[in-house]
Each structure stands twice: as structure tokens, then as C-alpha cells.
Amino acid sequence: MSHRCRILRYAIAVAAAVTAGLVLPPGATAAAPRTVASDFNGDGYTDLAVGVPDGTVGGRAEAGYVNVVWGGPKGVGAHGSVRVTQATPEVPGTPEAGDRFGASVALTDLSGDGVAELLAGVPGEDVTDRGTDAGMVIAVGGSKNGPGPGSTVLTGPSPSAAYGMSVAAADLTGGSDGNKEIVIGGRDKVVARVIQGEDSMVTTVVTAPMGGRAPVLATGDFDRDGRADLAVAYWTAGAPSTQSHVRLWKWDTDESAMANFWNTDNAGVTALASGDFDGDGGEDLALGECREIADENIDDPCGPERLAKGGGIHIHYASPTGGSFGSRTQTLNQDTAGVPGVAEDGDRFGAALAVADVNRDGRDDLVAGAPGEAIGSRTGAGAAWLLNGGAKGLLDARGTATSVTWNQDTPRVPGVAEAGDAFGAAVATGDHNADGVPDVTAGSPGENASLGAVWLLPRGSAGGSAAFSPRTLGLPYPTTAQKYGKPLSSR
């Protein structure tokens, strides 16, 4: 077993072993034990991780940090937070200009002990013997006293590998130990660290030109075999060749490797999300801000071209047991009946996606952000939508959606919509006050001259909504742009 794997196991074990010395966030009260997927401090409430890769740490621009914001009876943002950086005790590395710690984040319970770990991508990390911008992913153990020991999950193998541009975690192998595999996106590459019993290995999922963009990752059981699968999206245009793909991968036990089992080509997407939108028990896949990259126009990979205007969301639905995934599709944008707004170039509808059954009808709902949305004459003010699932999915038999939208000019939503706010650049869901109903959070990294902020929409509603930012949480905020609010992770 590798040295890095031993460190990771140690960090998780230490986090799981901390059972005393509970320190409640300010204003919170003791709660009965609950099973919560993203509970970093073990108090029974879902927390929210906000990646701030543009943040200044110790005077070093874009060293980056992650802010874990505590959930509690009043939701997220009202009970304090903790700032995690590479200067935090027992977190590997040192804050350096351009590291971009927190460029990707995942707040997830890796070992199934009820306390979440924080995964943070550091794509700008310079690694000894690996080179400049080799990148890395760091795991920080959660505990009742705040951040626990941290460890290096994986470092990039060469200069400019930029490991940590994206990160995800899920139980891809279905092992009896319940541990989750960690998937890491770098420049033109996706790899997975697989842990089986006492053994660990790194397997390459895909290597391909990705245009310098972070590969988009999502997980879900798309083939209904009881194990999580991995969805990967990437695209590039021009030299050396035009490539654009959304691909599904599953763990092949015989080959001890990830195997590709489904593709849709020519589709360039910005976001992916999985959920059961029609309530049939199968995981569906939503492609956000989907647009056709290649010119062949062979298969309309994002649905009708007119529905790509302003950004379209294209959904591939799970098929009945034994059928082929994704043969049934739906496509929608702001020109779809039941979706408030008008599709306009530059809206970026679907650039951020999140999933939860907000109305508790047994079908997942989709939260979609459009950070380029103009509010009146204020370009790029941004907005977000809640699209309800139904018997046919996100659209009914007539092709109509049921949805609501929010922006900073929506009644009862604090703030004022201003040009460049980019409200909806990131979205997330989680039951932050443990009332049994998921809440929605939306990031606005352009708020207040790009200091940034996050909005809480309790129960997916404007009623009782609130905003928080580095200023309201008592975090350091120099005059340089921090762009707080992207990315977000809470489930």
C-alpha cells in the first residue's frame, strides 16, 4: 500500500475516532444524531463547502481557501464557518501564489462513519520532482472539533498536469468496506484512486484533448446494477482535432479498471447532474449548457438546435431494466413553456446544476443556474431556476415545465441585481436545518465588486432567504477580488 494511501486512511480513521469535545457553531443547539451526507463537524446538520481559489492567503494572491459553512437550526450562513487553507495545521503544503486551493471541492463521507471529509483540488500546486502546476488533491478529515488531519490523495505526474481542476467521489467498485473512490480531473486527463480492502491503485479513466478546461464529473447508477457509475464530459475545438463527448464509465471487476459503456458525441457541456426526475427508480443524466461543438449535425446531441439558444438543458433518461440508457430524451431552455424568461445569447442557462427532491413528491427536481442572465438592462446579473420533476420527467406530456426562478430582484430575495453579479454561477442543495426538506444555495461570485456571496433559499423558496459573504462571516477579505461563491458542495 502506498505512503499516500496510508496517510489518507489515517486521516479518515482519526476523523472517525473523534467522539468527544463537541464544539457547536455559534447559535446552534445540540441535536439528536442524524445520518447526514455532508456533515463536516458531526453535529447532525448538513454543511456547505465554498471553494475560493481566487482567495488571498497570507498576502499570496490566488493561494486559495475553502470555507466550510456550518448548517444549523437557522440554515446555513447563520451559525459561523471555518476557513481551511494550506496554512491550516496538518493540511499538506504551504499557501503560495497561484496554487488555487479550492478550485474544486467535494464535501462527502468517504468512509461511511457519518462525518464528512473535505476534498479540495489544488491545480496550481508546484510539486517537487513533478514540476510547476503539477497539481494535487487534498483530503481533510472532519471532526467535532473542526478540521482534522489532512493528507495528499494524489499529485500530478508532470508539469502542468493540473490535478485537482475537478474532483468527485462515489463507491464505484461496490466493495464491502463501503469506502468511496476519488475521481480527479486534470488537464486533458481523468484518473481515479481506487481502494479495495488494504490495496490501493490509480487507474486512468480517459486521456484526451479537453481545450484547457476542467473535465466535468458526476456520479450515479445509470445502468441500475446497484453500483455508482461515473459521467465525464469534455470538449475542445480546433487543433489538433475537435472532440466533444459525454461518456459513462463503470468499474470492471475482472479488468480492475474503469470501462466505458455509453457515449454521446459532439456535445459540449458545462455541467452534469444525475437524478431520478421521472420517479421510475433509475438515475437520469442532465447535460447543462449543452451545445453542439462539431459541425456534422449528425445526431443533434443536445436536442433541437433552437433549444440551445441561451443555453439548453438536455436530459437522457434511464431505460427500464434491461434497456439501453439514454434513449429517451428531453430538452428545454428559457423558451420552453413553463420556464420563466426568454432565451438570449449569453444567458448560460444550465451552466450550473444541482439535484434534490425539493417538493418531496418522490421525483428529483433540478436546480439550474444562468450566470449570464440579464436582469433588465443589467447584463450578467444572473439567475437560478428550480425545475420540478414529474411523471414524464422535467417536461410533461405536452412539453411543458413546472418551475420558478430567482434573482436578486425577486421579492423577498435580499440584494439588488447588478451587472456582473453572476448569480447562479454555482448551485447546491442540502437540508441545512434538518427539517426534512432540501434547501437551495446559489453562488454569486461577482457580487460586491467580485468579493462574492452565497444565497440560501430555504426549502427552495424565496421566503426566508438570506445571503452571506466573507464580510458577514468574519473572513479576511483584502481589496482584491475573491469571487466567493464558486464552486459549492453540500451533498
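1. Let's start with P487, which sits in the loop between β28 (466-468) and β29 (488-489). In this predicted model, the peptide bond leading from K486 into P487 is cis, with omega near 5 degrees.

2. E62 is not a glycine, yet its phi is positive, at about 60 degrees. You will find E62 in the loop between β1 (48-52) and β2 (65-69). With 35% relative accessibility, E62 counts as partly exposed.

3. The other spot is E289, again a residue other than glycine with a positive phi, here near 45 degrees. E289 belongs to a strand, β18 (residues 284-292). Is E289 buried or exposed? Its relative accessibility is 11%, under the 20% cut-off, so E289 counts as buried.

4. Four strands make up an open sheet, in the order β4-β5-β6-β7, with antiparallel pairing. At its edges are β4 (105-108) and β7 (150-155), each of which pairs on one side only. On average, neighbouring strands in this sheet are turned by 20 degrees against each other, direction ignored.

5. Stepping back to the whole chain, the protein has two helices and 29 strands. Its radius of gyration is 21 Å, close to the 23 Å that the globule rule gives for 491 residues, so the protein is as compact as a globular protein of that length. Along the principal axes, the C-alpha atoms fill a box of roughly 55 × 55 × 45 Å.

6. What share of the 491 residues is buried? The figure is 58%. The accessible surface comes to about 17900 Å², and carbon and sulfur atoms account for 49% of that area. Of the contacts between residues at least 6 apart in sequence, 55% join residues at least 24 apart.

7. Finally, a word on confidence. The average pLDDT of the protein is 90, and 91% of the residues score at least 70. Do look at residues 1-34, though: the pLDDT there is below 50, and this stretch has 70 contacts in the model beyond near neighbours in sequence.

Technical notes: Residues numbered from 1 in each chain as written. Predicted model: local features only at pLDDT ≥ 70, side-chain atom pairs only at ≥ 80, totals over all residues. Heavy atoms only, no water. pLDDT = per-residue confidence, 0-100. Contact = heavy atoms within 4.5 Å. Buried < 20%, exposed > 50% of the residue type's maximum accessible area, 1.4 Å probe, protein only. Pairing = 2+ DSSP bridges. Axes fitted to C-alpha atoms, helices over the stretch in contact; angles between N-to-C directions. Rg over C-alpha atoms; globule rule 2.2 N^0.38 Å. Areas by Shrake-Rupley, 256 points an atom, 1.4 Å probe, with all protein chains shown as cover.
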